[in-house]
Amino acid sequence: MKSFEHRLERFMFASRWLLAPFYVGLVGAIAILLFKFIKEFVMLLPQVATLDGGQIMVSVLTLVDVALVANLLLIIVFAGYENFVSKINTEDSEDRPEWMGHVTFSDLKIKLIGSIVAISGIELLKAFVNVDSYTDKQLGWKVGLHLTFVLSGVLFAFMDRLTAGKPNGH
C-alpha cells in the first residue's frame, strides 16, 4: 500500500507541469500585446502634429495601459511558474529581476489587484480626458468599477495583513 501511495503522490506532484502550457500561452499573450503596442505607436506617429493635447494624452495612456498589462502578465508568468511549477534557472544572470523567486502567492494577488487598479485608473483618466465622448451613466459606471477595484485591493491587503504570521496564512 505504501508503494501505491508513493506513486500516487509522485503523480500528483508531477501534475503541476500541466500548468506550464498556461504560462507559455501568457508569454504568447505578451507577444500579442507587443503587436498591439507597435500598431498603436505607429498609428500615433503621423498624427502627432495634428492631434490636440488631449488626444495625444489618450494615445499615450493607451500605450501605458498596454505596457502595464504586459508587465502584469510577466509578473504572473514568472511568479506563477516559480510558485506552482518549478524554479526558473537563470544561472545567476545579472539581469534577473530582484523580485523573482521572492513573490509569494499572497504577493502575487496584491500585485495583480494593484495592476488592475492602475489599469482601471488609466482607463478612467482616458475617459475624463475625452469626457465629451461618454454619457454621465458611462462615466458613473467607470468610476464605480474603479472604486470597486480600489476597495477590493484594500480588502485583499487587509486580509493578507490579518493572516500574516499565522500558520498557513498564504
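## Terms and model

Buried means under 20% relative accessible area, exposed means over 50%, and partly exposed lies in between (1.4 Å probe, protein chains only). Helices (H or I, at least four residues) and strands (E, at least two) are DSSP runs, numbered from the N terminus.

This is a predicted model, in which local features need pLDDT of at least 70, side-chain atom pairs count only at pLDDT 80 or more, and totals for chains, interfaces and linings use all residues. Residues are numbered from 1 along each chain as its sequence is written, and side-chain values use heavy atoms, with hydrogens and water left out.

## Overall shape

The chain has five helices and zero strands. Its pattern along the sequence is α-α-α-α-α. The radius of gyration is 21 Å, well over the 15 Å that the globule rule gives for 170 residues, so the chain is more spread out than a compact globule. That radius is taken over C-alpha atoms, and the globule rule is 2.2 Å times the number of residues to the power 0.38. The C-alpha trace spans about 75 × 35 × 30 Å along its principal axes.

Of the 170 residues, 24% count as buried. The accessible surface comes to about 12000 Å², and carbon and sulfur atoms hold 68% of it. Accessible areas come from the Shrake-Rupley method with a 1.4 Å probe; for residues, only the protein chains shown count as cover.

Contact means heavy atoms within 4.5 Å. Take the contacts between residues at least 6 apart in sequence: 67% of them join residues at least 24 apart.

## Helix 2

Helix 2 covers residues 20-44. At 1.5 Å a residue, its 25 residues should span 36 Å, and its end C-alpha atoms are 36 Å apart, which agrees. The expected span is 1.5 Å times one less than the number of residues.

Which residues of helix 2 are buried? They are A20, Y23, L33 and L44. Helix 3 is included in what covers them.

## Helix 4

Helix 4 runs over residues 105-129. Its 25 residues should span 36 Å at 1.5 Å a residue; the end C-alpha atoms are 36 Å apart, in agreement. Its buried residues are S106, L108, I113, S115, I119, S120, I122, L124, K126 and A127. Their cover includes helix 3 (53-84) and helix 5 (136-163).

An α-helix has 3.6 residues a turn, so residues three or four places apart point the same way.

## Three residues up close

S120 sits in helix 4. Its relative accessible area is 10%, so S120 is buried. Leaving aside neighbours within four places in sequence, S120 is in contact with H146 and F149.

T62 belongs to helix 3. Is T62 buried or exposed? T62 is buried, because its relative accessible area is 14%. Not counting residues up to four places away in sequence, T62 touches E40 and K126. K126 is itself one of the buried residues of helix 4.

L147 lies in helix 5. At 53% relative accessibility, L147 counts as exposed. L147 and K87 are 60 residues apart in sequence, and their C-alpha atoms are 36 Å apart in space.
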